[in-house]
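Dear colleague,

Please read it alongside the sequence.

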Amino acid sequence: MAYHDGRGRLAALSAGLLVAMLAGCAGLGPTRVGIDRMDYTERLRESEKEQLLSNIVALRYGDAPMFLGVSSVISQYTRESSGELTAALSPGTGNDAGSVGGAVVLRETPTVTYTPVTGDRFSRHLLAPLPPAAVLAMMEAGWASDLLFPLAVRSVNGVGNTSRAPLFEQKADDDFAEVVAVLRRLQRTQALAVRVRQKEETFSALARVRPALTAQEEADLQYLSERLGIRRGVGELRVVFATYPHDTDELAIATRSMFEILMELAQGVEVEGVPVSPEPSLVRIRSGIAAPADAHVAAQFRGRWYWIDGHDEASKQMFLITQVMLSIADTGGGAGSPLVTIPAG
């Protein structure tokens with residue numbers, strides 16, 4: 001009788017072990033949320049940086065840019081479990097008392113959907129000038145104008161920015177840098193505040209001058225008045241999106257397209273065998289046979305590596321602003337575009 005009681009205990013123990021083993025995998029979905037979210041977020045962020053850098057380098061070599069947007073990421077999990085219980089029905093010797101075993105297999109089959117930026121979306125995203133209201137909204141939110149304007153603005157009241165890109169080559173007016181510096185000083189002290197207003201689908205912007213000004217602020221405003229042809233004493237300046245103003249109470253701003261911005265950044269790419277230009281560039285992209293481990297972003301193009309140095313703060317800032325502006329410029333969504341769905345598992 002004791003023998004059969006032992007077999008019963010073995011069977012009960014074996015069954016309990018199997019139940020515990022399978023129950024340990026319960027609630028799979030909630031346990032994967034934190035892991036998957038962080039993993040995919042990190043990889044998508046790095047992939048976006050690498051794609052942007054690769055397109056900047058490609059433009060330097062005369063290739064057209066190509067962007068693939070990630071429309072969706074679907075990660076499916078399949079849990080397969082099996083168990084085995086064997087026991088001897090008659091008295092045995094050695095290890096014939098029985099055995100218990102089992103296996104749990106977890107399979108992940110992610111599916112990533114890409115949307116190519118082509119056709120009308122390409123025109124809106126890359127070829128159309130940036131919405132000036134978006135640039136000014138960034139300035140209103142506190143982004144430094146001396147970073148935004150050299151990158152995204154072609155001219156302010158006819159005072160032109162420089163462009164080294166062959167397709168958009170333009171010599172800067174001597175005082176463009178000073179105009180931008182003055183705007184930054186007035187922005188920093190909030191003597192000149194920009195407001196962007198939306199009415200239905202149209203945007204307007206106003207620049208308001210603070211009533212009480214310091215001597216430096218008065219001098220800066222006087223400089224802008226003389227150089228930009230703005231009449232003093234105007235409480236608010238209307239910001240128009242044009243090369244030249246039509247009135248003395250207007251601030252005319254012409255913006256670049258994303259294509260022009262990327263072309264301008266491409267002038268900072270180090271090309272093998274080509275001397276580095278003595279003219280300053282918005283960003284410095286180094287090249288070599290291998291990228292350093294501490295690079296901010298690195299991408300391979302035509303068998304050579306290109307990267308932004310992890311300690312080059314100025315280049316990292318410009319690259320970040322470009323990423324933000326690229327997102328702002330993409331207002332077309334993905335409707336109607338061809339999709340490329342790749343099962344990655």
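**The largest pocket**

In this predicted model, the largest pocket holds about 530 Å³ of space. Its lining is made up of 25 residues, of which Asn161, Thr162, Arg164, Pro280 and Leu282 are the closest to the pocket's centre. The elements that contribute two or more residues to this lining are helix H5 (145-152), helix H6 (176-188) and helix H9 (313-329). Sorted by class, the lining residues of the largest pocket comprise ten nonpolar, seven polar and eight charged ones. Because domain 1 (135-257) and domain 2 (260-330) both give residues to the lining, the largest pocket lies between these two domains.

**Aromatic pairs**

Three aromatic pairs turn up in a search of the whole structure. One of them is formed by Tyr61 and Tyr306 in an edge-to-face arrangement, with 6.2 Å from centre to centre and 75° between the planes. This pair links distant parts of the chain, since Tyr61 sits in the loop between helix H2 (28-60) and strand S1 (68-87), while Tyr306 belongs to strand S11 (residues 304-308), and the two are 245 residues apart.

**Confidence**

The protein has a mean pLDDT of 80, and 74% of its residues reach 70 or more. Over residues 333-342, however, the pLDDT is below 50, although this stretch has 23 contacts in the model beyond near neighbours in sequence. Where pLDDT is low, the predicted coordinates should not be read in detail.

With best regards

Technical notes: Residues numbered from 1 in each chain as written. Predicted model: local features only at pLDDT ≥ 70, side-chain atom pairs only at ≥ 80, totals over all residues. Heavy atoms only, no water. 1 Å grid on protein atoms, 1.4 Å probe; cavity = no way out; pocket = protein on both sides within 12 Å on 5 of 7 lines; lining within 4 Å. Points joined across faces, edges and corners; volume = space filled by probe spheres on them. Helix = DSSP H or I, 4+ residues; strand = E, 2+ residues; numbered from the N terminus. Nonpolar A, V, L, I, M, F, W, Y, C, P; charged D, E, K, R; others polar. Domains from an automatic or database assignment. pLDDT = per-residue confidence, 0-100. Contact = heavy atoms within 4.5 Å. Phe/Tyr/Trp six-rings, centres within 6.5 Å; stacked < 30°, edge-to-face > 60°.
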